Amino acid sequence: MGIEFRKDEFVVNLVDGRSLIVPLEWFPPLRDATKAQLENYKIIGGGISIHWPELDEDLSVPRLFGLPC
């Protein structure tokens, strides 16, 4: 899994080859972060969550799909 950041969105590239485009607007801590803060992330939970230590923000992949966490 990896993440790419664009102007107003980020792309989560999943290990199965799918990509999910997510608006930064949905997550104000990410929307308001600097590029350096956005790029400082870790994949955690065996690949099911993303953590931004400087922002104290965690997102699960199921949440990005609108599924219960």
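Two residues are in contact when heavy atoms lie within 4.5 Å. In this predicted model, contacts between residues at least 6 apart in sequence were examined, and 29% of them join residues at least 24 apart.

The chain contains 3 helices and 6 strands. Their order from the N terminus is β-β-β-α-α-β-β-β-α. The C-alpha trace spans about 30 × 20 × 20 Å along its principal axes. A compact globule of 69 residues would have a radius of gyration near 11 Å; the chain has 11 Å, so the two agree. Of the 69 residues, 33% are buried. The exposed surface comes to about 4300 Å², and carbon and sulfur atoms supply 53% of that area.

The largest nonpolar core comprises 17 residues. Phe 10, Val 12, Phe 27, Leu 30, Trp 52, Leu 59 and Leu 64 have the most contacts inside it. Strands S2, S3 (19-23) and S5, together with helix H3 (61-64), each supply at least two residues of this core. Phe 27 was examined individually. Leaving aside residues up to four places away in sequence, Phe 27 touches Phe 10, Val 22, Glu 57, Leu 59, Arg 63 and Leu 64.

Aromatic rings formed a further subject. A pair of rings is described by the distance of the centres and the angle of the planes. Centres within 6.5 Å were required for a pair, and 4 aromatic pairs were found by this rule. One of them joins Phe 5 and Phe 10, with ring centres 6.0 Å apart and planes at 35°. Planes under 30 degrees apart would count as stacked and those over 60 as edge-to-face, so an angle between these limits makes a pair tilted. The pair of Phe 5 and Phe 10 is therefore tilted.

Ring pairs link Phe 5, Phe 10, Tyr 41 and Trp 52 into a cluster.

Strand S5 also takes part in strand pairing. S5 and strand S6 (residues 57-60) pair in the antiparallel sense over 4 bridges. Ile 50 stands opposite Leu 59 in S6. The two strands form a hairpin, with 4 residues between them. Asp 56, in the turn, has a positive phi of about 50°.

Ser 49 likewise lies in strand S5. Its relative accessibility is 16%. Because the limit for burial is under 20% relative accessible area, Ser 49 counts as buried. Apart from residues up to four places away in sequence, Ser 49 touches Met 1, Lys 42, Ile 43, Ile 44, Leu 59 and Ser 60.

Methods:
Residues numbered from 1 in each chain as written. Predicted model: local features only at pLDDT ≥ 70, side-chain atom pairs only at ≥ 80, totals over all residues. Heavy atoms only, no water. Core = buried A, V, L, I, M, F, W, Y, C linked by side-chain atoms within 4.5 Å. Buried < 20%, exposed > 50% of the residue type's maximum accessible area, 1.4 Å probe, protein only. Pairing = 2+ DSSP bridges. Rg over C-alpha atoms; globule rule 2.2 N^0.38 Å. Areas by Shrake-Rupley, 256 points an atom, 1.4 Å probe, with all protein chains shown as cover.
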